[in-house]
Amino acid sequence: MTPSTVAPPPPAPSEPGPPTGPAATVPATAPATRREHDLLGERDVPAAAYWGVHTLRAQENFPITGRTIGADPHLVRALVDVKRAAATANRDLGLLPRDKADAIIAACAEIADGALHEQFVVDVVQGGAGTSSNMNANEVVANRALELLGRARGDYAFLHPNEHVNAAQSTNDVYPTAVNIATIRCFEDLAVELRRLQDAFAAKAGEFADVVKMGRTQLQDAVPMTLGQEFATYAIMLGEDLDRLRESSALLLEINLGATAVGTGLNAPAGYGERAIAALREITGLDLVRAENLVEATQDVGQFVHLSGVLKRVAVKLSKVCNDLRLLSSGPRAGLGEIRLPAVQAGSSIMPGKVNPVIPEVVNQVAFEIVGNDVTISMAAEAGQLQLNAFEPVIAHRLGEGARHLTAAVAVLTDRCVVGIETDADLLRARVENSIGLVTALNPRIGYEAATRIAALAARTGARVGDLVLEAGLLDRAELDELLRPENLGDLRLPARFDGSTPGGEPQLGHDPQTSSDRSPR
């Protein structure tokens, strides 16, 4: 049985209806619930639900954030990709009958394509090291597989969530593997938007290549540069950050599938781990490798600490860029006013005509959030004990949510701000010509002491540096004009290549440029 030959899943529980797959016809008087049991006893579960008793208890126990794992398509897809790979390995090893394995595989393929995500209802923050997420996945996959086999939901005597869907697995290898894969995919989305922002800054660098302005250090006039150089810096920075994301994401390609509970592989038959990971590589298209030591990999979350640090780096540097954009656009008449940001909304309920830099401001706030997330991730990683870290759910939530928010913020920054930035080249040149900072360019000809006297006199009188130099007879007009030509005020050219990327096109975060033996340890 393949996904292409089975019927689509029935409606969500909010719109109950009879199964559309090969399951038996449900009478009009079908009960609203079905009875399931677990270690603690029996409970009634909505008949229309694909989840079961374990998920029901998790819903009751963890009403924490209001965000379910079903709201994260990358995590749901990763969970069922792992289940699909496990079923493939178990089928090939003879541990699962072919009909049951194929039904599980088909159900996983449907869910990976977007079906039944609303059935993944446990909260993203939960006790139990991700057990509730794994159980939720087991139950949804089992009940959809039962339908594909012509059975009713809840007929676990025929196909069981734990006995069959979870065969040769533990939450402690399924959940970390799924989180690794989901995080890689989430950061791939971020990389796409960072590259678009990089391209936007690069385009502005070219547009402003000949716009001479004063550079500033410690907010004071320094020496001339071009606005193009200023924007090229942002493009280079983003390219470097893309490289760091690629490097750190490669650490997540090392997975512990086959480790089961503590890394010893108990209940996983010989050859299972290798077969399951090979299947998972084919399903995901990622260069996944088995951890060298499964006991270490099962308890270690250092890769998330590292990646969170890199995400914080990206956020902090983007926040600094947005600080620059806000400062350079301040005014418009009583501030620097060197650039004009696109006006996207009215800025005040009391001051008519005021327009605020709201897009850079929202990016700043996302950056602040990510810095806070990094503290949470660090504390959760530190809190692990012995053979398992029980706090991976909050690590996954904070890392994934931070990356999603930054992805959205970067897209807005690109489309609603950077591509529309304008400047006034004449104003910037006039400021250069009137700046005391020009005196620095005269040091080699008139000497530091004379330049200092000219600077002090210019500051005191408001006169231009060039006029004072001529009045003092330190240079003639021809010499002064030659020294103050823009091309003689330092290297004002743009770099020949300033996108900061490595050769080879778009960043591929799910593919390690190194071999597994060369990969840096987690």
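Me: In which helix is the place of Asp241?

Reply: This is a predicted model, where local features need pLDDT of at least 70, side-chain atom pairs count only at pLDDT 80 or more, and totals for chains, interfaces and linings use all residues. Residues are numbered from 1 along each chain as its sequence is written, and side-chain values use heavy atoms, without hydrogens and water. Helices (H or I, at least four residues) and strands (E, at least two) are DSSP runs numbered from the N terminus. Asp241 sits within residues 227-249, which is helix H7.

Me: Is Asp241 buried or exposed?

Reply: Buried means under 20% relative accessible area, exposed over 50%, and partly exposed in between (1.4 Å probe, protein chains only). Leaving out residues up to four places away in sequence, Asp241 touches Arg313, Val314 and Lys317, where contact means heavy atoms within 4.5 Å. The relative accessible area of Asp241 is 0%, so Asp241 is buried.

Me: Which residue forms a salt bridge with Asp72?

Reply: A salt bridge is a side-chain nitrogen of Lys or Arg within 4 Å of a carboxyl oxygen of Asp or Glu. Asp72 is buried at 12% relative accessibility. For its pair, the closest N and O atoms are 3.4 Å apart, and the partner is Arg404.

Me: Which parts of the chain does the pair of Glu230 and Lys213 tie together?

Reply: The side chains of Glu230 and Lys213 meet in a salt bridge at 2.7 Å, N to O. Lys213 is buried, at 1%, and Glu230 is buried too, at 14%. The two are 17 residues apart in sequence, so the pair ties together helix H7, which holds Glu230, and strand E3 (residues 212-217), which holds Lys213.

Me: Which residues are linked with Lys213 and Glu230 in a network of salt bridges?

Reply: Side chains of opposite charge can pair when their charged atoms come close. A search of the whole structure finds 34 salt bridges. In the network, Lys213 and Glu230 are linked with Arg216, Asp221 and Glu338.
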